Amino acid sequence: MILFTQTSRSFTVRPYIFLFSAIALGMVMNGCEIESDKKEAPDYSSWENYAGTKDGSRYSSLEEIDLSNVRNLQVAWRYSSGDKDTLNRSQNQCNPIVVDGILYGSSPKLKLLALNAANGEPKWVFDPAEEDRSHAEDPYRFYKVNRGVVYWSGNDKYDSRVFYNVGSRVYAIASESGKVIREFGRGGYIDLAQDLDREPGTFKPFIANTSPGIIYQDLIILGSRVAESADGAPGHIRAYNVITGEREWIFHTIPHPGETGYDTWPDKEAYKKLGGANSWAGMSLDESRGIVYIPTGSIAGDFYGGVREGENLFANSLVALDAGSGKYLWHYQTVHHDLWDRDLAANPNLATLRKDGKVLDAVAQITKHGYVFLFDRVTGDPVFPIEEKPVSQNALPGEKPWLTQPIPVLPEPFARQKFNQEDVTNLTPETHVEMLRRYHQIKYREMFHPPSREGSWIFPGFDGGGEWGGAAVDPESQILYVNSSELPWAMIMVDVPGKGQNLQADTPGRAVYNKYCFACHGLDRKGNGPSFPSLLQVGSKYKADEIKNILKNGINMMPAFRQIPDHEMDALMAFLREEEKGPVIKVAVAKEPITTRGTGGESILDEVPYQMAGYTRFLDDNGYPGITPPWGTLNAVDLNSGKLLWKVPLGEYPELTAQGHPKTGTENYGGPAVTKGGLIFIAATKDSKIRAFNKETGEEVWSAELPAPGYATPSVYSVNGKQYVVIACGGGKIGSISGDEYVAFALP
């Protein structure tokens, strides 16, 4: 039996990697058919793991709250950590877990919380700033979000512990006391910047972990978030001993010589200088088989692939590994040679299907471009056909796009796939005319058109389609529920400063502007759409200290620029406020200092001639999406048939509803939880609400106001026989206010 699938036919299969089958499965198999009734079913009555259970289902078998009484839900308790950022940059995307009546979650400043899950009273709080002062002083700490924690239940010798991520550190904390377990790792933590099998200094040292790892026996398996520039760190998957913190195995997502996939790389030195192919979205585990399913992102250097020729394995892939050893089992690449930042952005869902009269254990992977890829969990064979469709080769000089991209025939996509002229917003005639003008400023409109100076519409946008909130699957019906954002983004490429563009500057302030600002706001300072506004009148709009505060702390889509030296900051301020004085001088713009070098002294950044001009949402002057609604949806997909059962708007703009517009939906972040009681619970929307939907029809049956948007996935749990639904209300994204509360709901 062959346990392998691969879209590149040049791949060489080594037979030894398949010897696991008879040993690891330990059950009767007939092709794709598996006698699933011999396996122990997961316990869906608790929420002890990220996404509820290790299979990533986001499903609860609790049914005290159901369609007949959900309208009676009310706030059971609220807890505030008191550490939100008043500038509205902080977030809390945590999907908390509940073990033995204790809720474990994190706060905006990445404190680890242990709360009484029945009333929200704190048992203990661990503050990483007291352990590591550099965390307290880190200007980027609010961007190092934490989406969940991991609980290990202990054994006869060792007590239970909680693992959670703070930047590059993964701490081991005693679950009873909240104290650091000093015997673990480097005095209580693992440093993900270490143990990467790469020479230090050959990659940008930014490494964090956005989503929690997963426990298999005495191992914690971890992914990472890395820089997305071409010199980003490698995203190798690693497993550590839960007691000692020692690394037990590593899977190189950019293969090393002699490893599976290495022969697919034209550049045999790629593993020495390229990064990315990291798993930042979380994982899922078939515990009975010992198989871990790992989604990966693109190779670092998101939008130019001339330095990474080829298909780019194992980037943009669902990879199945032996959880105990890290050995490769199978993979499927959902985007070849990614040029569009199409990371696999959510952990997959394991489901047991009924297909052609047989039982089939499957794994479903949602994507940013609105597809569900569905595979046999053991063999990796697609459940439904996947077609390799030709795509445009009209690329920038030096770029070699892959000839085809995989498109599933089924399941049906849960997001619109085209953004045509007739789809431009028509909220008002005036808005339609203006947005149509902007629409035609971008030349290319088909999916998978290579990046260009003329621009392409990315739709669904860079943030999905499906995103890190993930999907929920009802194991009784095999229906997958997933929320989607349907917002176009513009992708425009520009030359890297000093490479093909005249960046000579006649004043020091202009030189600093060209160094840091032009790519998004333009050489003429006229801006680039609503996300990157004109800076021509910024001096009259803001005072000097206000401009400096924005530069140092960021705002909306703009990141913080605390790295700008004081003398450059003063020159930039004077230029923006049109206050530069003194003689005009010629200033040549120096290139960014190279901080990462290859083993031969070269930098991969030297080989990158283009960069993307900025992440630009297509919004009108009032901040509404420039496409016809719905702008956010909740969808039901039958995994047995592959059919899209229903689609409903998710969220609303109350002012538009009051004007008579049907509910539009909003851009959304965070995922759903589905219950045996017939309900889907989801927050995620910009309008600061949590909602319940009838899972059979999509009808909204309940909603409640939140103190800030719940850009997270709710958890469903029970304490002393009482069912609760809790959501982290962190806000902070897309112009929303920030919050630091958890709000739990229950029946009276």
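Guide: Happy to! Let's begin with the lining of the second largest pocket, which by class has 14 nonpolar, 11 polar and 11 charged residues. Keep in mind that this is a predicted model. In total, 36 residues line the second largest pocket, and those nearest its centre are Glu40, Ala41, Pro42, Asp43 and Glu287. Two or more lining residues come from each of strand 9 (150-152), strand 19 (284-286) and strand 23 (349-355). Strand 23 gives the most, with five residues. The space in the second largest pocket is about 1,000 Å³.

Now for the rings. The count comes to 39 aromatic pairs. Tyr304 has a relative accessible area of 9%, and because that is under 20%, Tyr304 counts as buried. Tyr610 is buried too, with a relative accessible area of 9%.

Another pair is Tyr332 and Phe373: their ring centres are 6.1 Å apart and their planes lie at 40 degrees, so the pair is tilted. Here Tyr332 in strand 22 (residues 328-333) is linked to Phe373 in strand 25 (residues 372-376), 41 residues apart. Both Tyr332 and Phe373 are buried. Ring pairs also join them with Tyr293, Trp330 and Phe375 in a cluster.

Finally, a charge can sit over a ring: the charged end of Arg147 is over the ring of Trp468, 4.1 Å from its centre.

Methods
Residues numbered from 1 in each chain as written. Predicted model: local features only at pLDDT ≥ 70, side-chain atom pairs only at ≥ 80, totals over all residues. Heavy atoms only, no water. 1 Å grid on protein atoms, 1.4 Å probe; cavity = no way out; pocket = protein on both sides within 12 Å on 5 of 7 lines; lining within 4 Å. Points joined across faces, edges and corners; volume = space filled by probe spheres on them. Helix = DSSP H or I, 4+ residues; strand = E, 2+ residues; numbered from the N terminus. Nonpolar A, V, L, I, M, F, W, Y, C, P; charged D, E, K, R; others polar. Phe/Tyr/Trp six-rings, centres within 6.5 Å; stacked < 30°, edge-to-face > 60°. Buried < 20%, exposed > 50% of the residue type's maximum accessible area, 1.4 Å probe, protein only. Lys NZ or Arg CZ within 6 Å of the ring centre and 35° of its normal.
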